[in-house]
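Thanks for asking me to look at this one with you. Please open the sequence and the structure side by side, and keep them in view as you read.

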Amino acid sequence: MRSATPHTILVTRRLPDAVEERLSRDYTLVRPKDSTAPAFLACFANARDVAGILCTPADYLSSELIAAFPKSIKIIATYSVGFNHIDVTAAGARGIAITNTPGVLTDATADLAMLLLLGAARRASEGDSLVRSGKWLGWEPTQLLGMDVSGKSLGILGMGRIGTAVARRAAAFDMRIHCLGRASKDIHQRLEWHHHEKEDTFWPNCQFLSIHLPGGSATQGFLNAQRIAALPHGAVVVNTARGEIVDDDALIKALSDGHVAAAGLDVFAGEPHFRKEYAALPNTLLLPHLGSATVETRTAMGFKALDNLDAFFGGLLPPDLVD
Ligand code: DGY
């Protein structure tokens with residue numbers, strides 16, 4: 001989109017090169033000195049004509065911050081599919097549109113869930129540490145024995161795009177797929193995958209569990225002590241969705257007493273902070289929210305965010321309007 005007078009966008013973080021190029025070609029940019037609320041507000045003080053914000057899931061747009069936005073702000077385009085970091089009610093009350101980036105990060109995130117699933121099952125983090133420590137003395141018949149994934153049951157919590165993509169990948173590893181809630185429209189999935197209407201039949205079928213629910217108050221603490229207790233003994237838990245969905249006390253206890261054999265976690269409540277017990281446990285594989293972190297995917301996310309801004313400022317309905 002090229003217009004005679006480009007709109008001004010506050011961009012909270014440095015984005016991949018191709019996205020930055022398109023951004024600076026089509027918009028006037030303002031950049032906060034860091035990604036804190038005071039830095040955003042300082043930007044507004046210097047540029048009262050900011051028309052939109054391009055933010056990321058690491059930027060918390062609270063109701064207080066949104067209330068302090070200048071009237072010129074009409075749109076928040078988040079560089080993410082999740083939008084639980086934005087107070088949507090506060091934005092709605094100010095008439096500010098919100099867009100996200102669904103679809104383009106499905107495969108990258110599903111791949112990472114498989115990486116965590118396989119890595120947690122095969123004790124990848126312990127193996128990596130052993131090699132790096134210089135203490136590895138050679139091949140041993142009983143060294144770092146993990147567990148097979150083939151033939152095991154995988155419970156998918158949240159059968160949206162990413163959950164479905166994980167199920168497809170896991171099925172290729174000969175895992176038996178179990179899903180809770182919303183049934184898939186795909187006939188192949190309906191035939192081959194087990195859909196559970198009720199939780200009491202789902203949890204016992206989760207030798208592996210992969211979480212793909214949206215974040216927010218409705219799912220906060222969903223994987224609690226009671227649900228963890230209903231998993232088979234020795235289950236493996238993978239979370240690439242949002243840290244807040246897991247009750248950390250309950251998962252840490254289950255990882256410590258062996259009820260949960262291992263966990264692969266890419267997301268944490270209160271990122272970048274996280275419960276240090278996870279790092280102290282040998283049976284965890286921990287990543288810093290890398291689900292969508294490939295050049296291709298992060299570029300596609302940026303272009304999607306820009307498509308939304310372009311449509312909005314071009315007087316059209318943005319394709320990924322969050323309602
Ligand atoms: C999202 O898009 O919500 C992801 O968490 C970012 O990778």
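1. A word on the model before we start. This is a predicted model, in which local features need pLDDT of at least 70, side-chain atom pairs count only at pLDDT 80 or more, and totals for chains, interfaces and linings use all residues. Residues are numbered from 1 along each chain as its sequence is written, and side-chain values use heavy atoms, with hydrogens and water left out.

2. Let's begin with the five-stranded sheet. Five strands make an open sheet in the order β2-β1-β3-β4-β5, with parallel pairing. Strands here are DSSP runs of E with at least two residues, helices are runs of H or I with at least four, and both are numbered from the N terminus; two strands pair if DSSP finds at least two bridges between them. The edges are held by β2 (28–30) and β5 (97–99), each with a single partner strand, so one side of each is left without a neighbour in the sheet. From one strand to the next, the twist averages 25°.

3. Now zoom in on one pair in that sheet. Strand β4 (residues 75–78) runs parallel to β5 and is joined to it by three bridges. Which residue in β5 is the bridge partner of Ala77? The partner is Thr99.

4. Helix α13 (residues 295–313) lies across β1 (8–11), β3 (50–55), β4 and β5, and runs at about 160° to β4. Axes are lines fitted to C-alpha atoms, for helices over the stretch in contact, and angles run from 0 to 180 degrees between N-to-C directions.

5. Helix α13 also has a helix partner. The axes of helix α1 (residues 17–26) and α13 come within 8 Å and cross at roughly 20°. That makes α1 roughly parallel to α13 (angles under 35 degrees count as roughly parallel, over 145 as roughly antiparallel, 65 to 115 as roughly perpendicular and the rest as oblique). In the contact (heavy atoms within 4.5 Å), Ala18, Val19, Arg22 and Leu23 of α1 meet residues of α13 that include Arg298, Phe303 and Asp310. By class, the residues of this contact are five nonpolar, two polar and four charged. For these classes, Ala, Val, Leu, Ile, Met, Phe, Trp, Tyr, Cys and Pro count as nonpolar, Asp, Glu, Lys and Arg as charged, and the others, Gly among them, as polar.

6. Gly302 is worth a click. This residue lies in helix α13. Is Gly302 buried or exposed? Gly302 is buried, with a relative accessible area of 1% (buried means under 20%, exposed over 50%, and partly exposed in between, using a 1.4 Å probe and protein chains only). Apart from neighbours within four places in sequence, Gly302 is in contact with Val19 and Tyr79. The C-alpha atoms of Gly302 and Ser80 are separated by 8.9 Å, although these residues are 222 apart along the chain.

7. Next comes the seven-stranded sheet. This open sheet has the order β8-β7-β6-β9-β10-β11-β12, and the pairing is parallel. At the edges stand β8 (194–196) and β12 (284–286), each with a single partner strand, so one side of each is left without a neighbour in the sheet. The twist averages 15° from one strand to the next.

8. Strand β6 (residues 153–157) is joined by four bridges to strand β9 (residues 208–211), and the two run parallel; Leu154 has Phe208 in β9 as its bridge partner. Strand β10 (residues 235–239) pairs with β11 in the parallel sense over five bridges, and Val238 stands opposite Gly264 in β11. Strand β11 (residues 260–265) is mostly covered, with five of its six residues buried.

9. Helix α7 (residues 161–172) lies across β6, β7 (176–180) and β9, at about 170° to β6. Helix α5 (residues 106–121) packs with α7 at an angle of about 50°, with their axes 9 Å apart. The two helices, α5 and α7, are therefore oblique to each other.

10. Last, find Trp136 in the loop between α6 (124–133) and β6. Trp136 is partly exposed, with a relative accessible area of 45%. Leaving aside neighbours within four places in sequence, Trp136 is in contact with Leu130, Val131 and Gln143.
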